[in-house]
Amino acid sequence: MSDNPLPLAAAVRKVLEATPRERLPMTYQDVADALGLQPPRTIQRVAQALEVLIREDAAQGRPFIAALVVSRRAPHMPARGFFELAVELGRFPADASLHAQAWREEYQRVLATFD
């Protein structure tokens, strides 16, 4: 896979849409592995692709499919960049104390689109 985030973003979307519900959420590393990405910068490339997806979903008024990707470290939520971009795009409140709940709601909205 190239470093261009656009084709990588499309591949990430396909992986997330094809992953069985019981295997969600996926970690950034799970996504990198599913795509066969090799170091260096595997997680950074996944994160950049997810940012592309967030912007696409915001423009289309869809839930953020990127909400299905989380850190493997507790509290097992998306990385800070996810929340910063969600706030920037007006989808999440600026108050960081409300981010966990906003993410949980976004996660459920994404799953509802798979039904």
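Leaving aside neighbours within four places in sequence, with which residues is L50 in contact? In this predicted model, local features require a pLDDT of at least 70 and side-chain atom pairs count only at pLDDT 80 or more, while totals for chains, interfaces and linings use all residues. Residues are numbered from 1 along each chain as its sequence is written, and side-chain values use heavy atoms, with hydrogens and water left out.

Beyond those neighbours, L50 is in contact (heavy atoms within 4.5 Å) with V12, L16, Y28, A66 and V69. L50 also belongs to the largest nonpolar core, which has 37 residues; V12, L16, L50, F82 and W103 have the most contacts inside this core. At least two core residues each come from α1 (5-18), α2 (28-35), α3 (42-60), β2 (69-70), α4 (80-88) and α5 (99-113). A nonpolar core is a set of buried Ala, Val, Leu, Ile, Met, Phe, Trp, Tyr and Cys residues joined through side-chain atoms within 4.5 Å. Buried denotes under 20% relative accessible area, exposed over 50%, and partly exposed in between (1.4 Å probe, protein chains only). Helices (H or I, at least four residues) and strands (E, at least two) are DSSP runs, numbered from the N terminus.

Six salt bridges are present, each a side-chain nitrogen of Lys or Arg within 4 Å of a carboxyl oxygen of Asp or Glu. In one of them, E56 pairs with R13, with the closest N and O atoms 3.0 Å apart. Because E56 lies in helix α3 and R13 in helix α1, this pair ties together parts that are 43 residues apart in sequence. R13 is buried at 15% relative accessibility.
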